[in-house]
Amino acid sequence: MSASRSKSDLVRKMLEILASDLRPFAQDVLVAIVCICALVWGGGPERAVALVWLTIFELGNLIYQGIASQGYQVFEVDFWLATTDLIAGAAFIIVALWANRNYTLFIAAMQLLAMTAHLARGLVEAILPIAYAFMVATPGWFQLLFLGGGLARHILRKRRHGDYRDWRVGRWNHQWLDPRLTPATLFHWPGASKALSSQDRIE
């Protein structure tokens with residue numbers, strides 16, 4: 001009973017933070033910590049996700065504040081925010097498809113949720129402004145948490161097993177050129193896992 005109550009209290013506090021004026025400051029602090037750590041200790045996918053976030057969201061926000069006379073629009077579709085979410089979504093999907101990581105798929109999925117929020121706001125006028133803002137802002141928190149968790153797993157795996165591939169494209173190019181290529185080794189069928197090195201396995 002106490003565990004469920006503590007979970008509900010934690011969820012309520014998170015919702016209060018998301019709806020308060022402290023949300024941008026708290027997210028900026030989390031972005032700075034996670035992205036700097038990803039650039040310093042991360043591999044290619046971690047650095048790619050961090051650079052996409054910093055260039056599209058953080059730099060884009062500074063540009064928007066410099067050219068716009070008012071803040072983001074929540075009573076109608078904010079085309080600047082929708083455009084940046086669309087560009088970031090394309091970048092995250094590309095990273096997720098080629099990265100030798102699993103967590104990048106969840107980051108791309110969260111970005112798709114943010115993109116659908118703009119579509120829903122444009123099609124359904126009954127959506128409240130606070131709901132629109134919540135739908136756009138919430139996925140970013142999960143993306144940062146996924147990036148932080150993925151970075152931690154990357155560091156632990158590298159310490160335990162050494163270097164491994166950052167991108168899947170290198171493995172596929174190598175396999176297509178391998179004269180010993182068989183359907184079992186190509187599609188990782190049962191019994192073929194021994195033919196794969198630890199560098200080829202997805203983290």
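In which helix is the place of T116?

**View 1. T116 in helix α5 of the predicted model.** In this predicted model, T116 has its place in helix α5. With a relative accessibility of 44%, T116 counts as partly exposed, because that category lies between the 20% limit for buried residues and the 50% limit for exposed ones. A82 stands 34 residues away from T116 in sequence, and the two C-alpha atoms are 9.5 Å apart in space.

View 2. The secondary structure amounts to eight helices and zero strands, and the order of elements along the sequence reads α-α-α-α-α-α-α-α. Of the 203 residues in the protein, 34% are buried. Where contacts join residues at least 6 apart in sequence, 70% of them link residues at least 24 apart. The protein exposes about 12700 Å², and carbon and sulfur atoms supply 69% of that area.

**View 3. The largest nonpolar core.** This core has 22 residues, and those with the most contacts inside it are V49, W53, F57, A88, F92, I107 and L147. The elements that contribute two or more residues to the core are α2 (23-41), α3 (44-67), α4 (79-98), α5 (103-123) and α6 (129-161). Helix α3 gives the most to the core, with seven residues.

**View 4. The surroundings of F57, one of the core residues.** F57 belongs to the group of residues with the most contacts inside the largest nonpolar core. When neighbours within four places in sequence are left aside, the contacts of F57 are V52, T84, D85, A88, F92 and Q111. Two of these partners, A88 and F92, are likewise listed among the core residues with the most contacts.

**View 5. D85, a buried aspartate in helix α4.** D85 is found in helix α4, and D85 counts as buried because its relative accessible area of 4% falls under the 20% limit. Apart from neighbours within four places in sequence, the residues in contact with D85 are F57, Q111, A114, M115, H118 and V136.

**View 6. T55 in helix α3, and its distance to A88.** T55 has its place in helix α3, where a relative accessibility of 44% makes T55 partly exposed. Along the chain T55 and A88 are 33 residues apart, while their C-alpha atoms are separated by 9.5 Å. A88 is itself one of the residues with the most contacts inside the largest nonpolar core.

**View 7. The largest cavity and its lining.** The structure holds one cavity of 30 Å³ or more, and the volume of the largest cavity is about 30 Å³. What lines this space? The lining residues are V49, W53, I107, Q143, L144 and L147. By class, this lining has five nonpolar residues, one polar residue and no charged residues. Helices α3 and α6 each supply at least two residues of the lining, and α6 gives the most, with three residues. V49, W53, I107 and L147, which take part in the lining, are also listed among the residues with the most contacts inside the largest nonpolar core.

View 8. V31 has its place in helix α2 and, at 3% relative accessibility, counts as buried. Residues up to four places away in sequence not being counted, V31 touches I36, W53, L54, E58 and L144. L144 lies 113 residues from V31 along the chain, yet their C-alpha atoms are separated by 7.0 Å. Both W53 and L144 are included in the lining of the largest cavity.

View 9. Neighbours within four places in sequence aside, H154 is in contact with W41, G42, G43, E46, R101 and Y164.

Definitions and conventions: Residues are numbered from 1 along each chain as its sequence is written. This is a predicted model: local features need pLDDT of at least 70, side-chain atom pairs count only at pLDDT 80 or more; totals for chains, interfaces and linings use all residues. Side-chain values use heavy atoms; hydrogens and water are left out. A nonpolar core is a set of buried Ala, Val, Leu, Ile, Met, Phe, Trp, Tyr and Cys residues joined through side-chain atoms within 4.5 Å. Buried means under 20% relative accessible area, exposed over 50%, partly exposed in between (1.4 Å probe, protein chains only). Helices (H or I, at least four residues) and strands (E, at least two) are DSSP runs, numbered from the N terminus. Contact means heavy atoms within 4.5 Å. On a 1 Å grid over the protein atoms alone, a cavity is a set of points where a 1.4 Å probe fits but cannot get out, and a pocket is an open set with protein on both sides within 12 Å along at least five of seven lines; lining residues have an atom within 4 Å of a point. Grid points are joined across faces, edges and corners, and a volume is the space filled by probe spheres set on the points. Ala, Val, Leu, Ile, Met, Phe, Trp, Tyr, Cys and Pro count as nonpolar, Asp, Glu, Lys and Arg as charged, and the others, Gly among them, as polar. Accessible areas come from the Shrake-Rupley method with a 1.4 Å probe; for residues, only the protein chains shown count as cover.
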